[in-house]
Amino acid sequence: MARFEAGDRNKAIAAALRVSERSVERWRRQWREGGAAGVASKGSPGRPRLAVPRS
């Protein structure tokens, strides 16, 4: 978020984090619309973990 506030370009952020510029564009849009909460991790998008049955 500090890099967004500082006005760093998406290309520079993407290179520093070794991610795509598209990801940075998406993060920047989420940050503009929702602030810090907009870019907070929502956890892994993977499969839900199975509940372990209790004995």
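Which residues of α3 are buried? This predicted model is shown below in close-up views.

**View 1. The buried residues of helix α3.** Five names answer the opening question: Ser 23, Val 24, Arg 28, Trp 31 and Gly 38 are the buried residues of α3. Look for what covers them. The cover includes α1 and α2.

**View 2. Helix α3 is bent at Glu 33.** Helix α3 runs over residues 21-39. Its bend at Glu 33 is about 115 degrees. Now compare the ends of the helix.

**View 3. One aromatic pair, Phe 4 with Trp 31.** The structure holds one aromatic pair. The ring centres of Phe 4 and Trp 31 are 5.4 Å apart, and the ring planes stand at 45 degrees. Planes under 30 degrees apart count as stacked and those over 60 as edge-to-face, so this pair is tilted. Phe 4 belongs to helix α1 (residues 2-6), while Trp 31 belongs to helix α3, so the pair ties together parts that are 27 residues apart in sequence. Are these two residues buried or exposed? Both Phe 4 and Trp 31 are buried.

**View 4. Helix α2 crosses helix α3.** Two packed helices are described by the angle between their axes and the distance between the axes. Here the axes of α2 and α3 come within 8 Å. They cross at roughly 115 degrees. The crossing of α2 past α3 is right-handed. On the α2 side, the residues that meet α3 are Asn 10, Lys 11, Ile 13, Ala 14 and Leu 17. Their partners in α3 are Glu 21, Val 24, Glu 25, Trp 27 and Arg 28.

**View 5. Arg 18 in the loop between α2 and α3.** Helix α2 covers residues 10-17, and Arg 18 sits in the loop between α2 and α3. Most residues other than glycine have a negative phi. Arg 18 has a positive phi, near 55 degrees, and is not a glycine. Its relative accessibility is 78%, so Arg 18 counts as exposed.

**View 6. Arg 3 and its contacts.** Arg 3 is found in helix α1. Its relative accessible area is 34%, so Arg 3 is partly exposed. Which residues does Arg 3 contact, leaving aside its neighbours within four places in sequence? They are Asp 8, Ala 12, Ile 13 and Ala 16. Ser 20 is 17 residues from Arg 3 in sequence. In space, the two are 16 Å apart, C-alpha to C-alpha.

Technical notes: Residues numbered from 1 in each chain as written. Predicted model: local features only at pLDDT ≥ 70, side-chain atom pairs only at ≥ 80, totals over all residues. Heavy atoms only, no water. Phe/Tyr/Trp six-rings, centres within 6.5 Å; stacked < 30°, edge-to-face > 60°. Helix = DSSP H or I, 4+ residues; strand = E, 2+ residues; numbered from the N terminus. Buried < 20%, exposed > 50% of the residue type's maximum accessible area, 1.4 Å probe, protein only. Bend = angle between axes of the 7 residues up to and from the residue. Contact = heavy atoms within 4.5 Å. Axes fitted to C-alpha atoms, helices over the stretch in contact; angles between N-to-C directions. Left-handed = near helix turned anticlockwise from the far one by under 90°.
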